[in-house]
Amino acid sequence: MAKKDEGGVSPVIATILMVAITVVLAAVLYVMVTRIIVPPEEPKPIVNLSGLSCSAGVCEGRVMTASPATDLDAFRVTVAADGVTAIAPTTLAADENVTGSGLTFRYRDIGREGSMTAVDSFRLSGLTDGVVYEVSFLWRNGDVVQSITFPS
């Protein structure tokens, strides 16, 4: 009787092939899933502003609420004069002058914690009588968080 050829892949080679196939499938699945899952965007805080006073070319405002307290560098500030951008969107920073078109904006971080919180204040100077100014605080993605109009 003739001997049948029952040869096949050795158990060692079979194990190596199964592990290699599993690793390749896991890598493909990982790449597919990471492209689908995008981390959720941090929600913008709730901010309420109040105008304090305006006199002789200067208006002051205050942050009444900021929930939650958020790092200043998460915000940008822009100022419009009669609807035209006077100060381009600029990253918010404490105790630094932001200027444009003869205007100066300055944010005061009262608690010096580096976050926008209630009681922080800001000042817009260089104002001209008869012109309406709008100070807008923008979120990281450019959405308006809150605006206030001077004179109010």
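Student: Ground rules before we start?

Tutor: This is a predicted model, so local features need pLDDT of at least 70, side-chain atom pairs count only at pLDDT 80 or more, and totals for chains, interfaces and linings use all residues. Residues are numbered from 1 along each chain as its sequence is written, and side-chain values use heavy atoms, with hydrogens and water left out.

Student: How many salt bridges are there by this rule?

Tutor: The count is three. The rule asks for a side-chain nitrogen of Lys or Arg within 4 Å of a carboxyl oxygen of Asp or Glu.

Student: Which residue pairs with Arg108?

Tutor: Glu60, with N to O at 3.9 Å. Arg108 sits in strand β7 (residues 103-108) and Glu60 in strand β2 (residues 58-67), so the bridge ties together parts 48 residues apart in sequence. Strands here are DSSP runs of E, at least two residues; helices are runs of H or I, at least four; both are numbered from the N terminus.

Student: Is Arg108 exposed or partly exposed?

Tutor: Partly exposed, at 26% relative accessibility. Buried means under 20% relative accessible area, exposed means over 50%, and partly exposed is in between (1.4 Å probe, protein chains only).

Student: And what does Arg123 do?

Tutor: Arg123 also forms a salt bridge with Glu60, its closest N and O atoms 3.0 Å apart. Arg123 belongs to strand β9 (residues 121-125) and Glu60 to β2, so this pair spans 63 residues in sequence. Arg123 is partly exposed at 31%.

Student: What about Asp95?

Tutor: Asp95 bridges to Arg112, closest N and O atoms 3.9 Å apart. This one goes loop to loop: Asp95 lies between β5 (84-91) and β6 (97-100), Arg112 between β7 and β8 (115-116), 17 residues apart. Asp95 is partly exposed at 34%, while Arg112 is exposed at 69%.

Student: Which residues form a network?

Tutor: Glu60, Arg108 and Arg123, joined by salt bridges that share partners.

Student: Switching topic. Which residues make the nonpolar surface patch?

Tutor: Val9, Val12, Ile13, Ile16, Leu17, Ile21 and Leu25, covering about 690 Å². Patch residues have over 30% relative accessible area and no salt bridge; nonpolar side chains (Val, Leu, Ile, Met, Phe, Trp, Tyr) are joined within 5 Å, like charges within 9 Å. Areas are Shrake-Rupley with a 1.4 Å probe, and for residues only the protein chains shown count as cover. Ile13 is in helix α1 (residues 11-36) and is partly exposed at 42%.

Student: And inside, which residues touch the most other members of the largest nonpolar core?

Tutor: Leu92, Phe105, Tyr107, Met116, Phe122, Val135 and Phe137, out of 30 residues. Elements giving two or more residues to this core include β1 (46-55), β4 (76-81), β10 (133-138) and β11 (144-150). A core is a set of buried Ala, Val, Leu, Ile, Met, Phe, Trp, Tyr and Cys residues joined through side-chain atoms within 4.5 Å.

Student: Last one, backbone. Where are the cis peptide bonds?

Tutor: One joins Ser67 and Pro68, omega about -5°; Pro68 lies in the loop between β2 and β3 (70-71). Another runs from Phe150 to Pro151, omega near -15°, with Pro151 in the segment after β11.

Student: What is phi at Asp82 and Asp95?

Tutor: Asp82 has a positive phi near 50°, in the loop between β4 and β5. Asp95 is near 55°, also positive. Most residues other than glycine have a negative phi, and most peptide bonds are trans.
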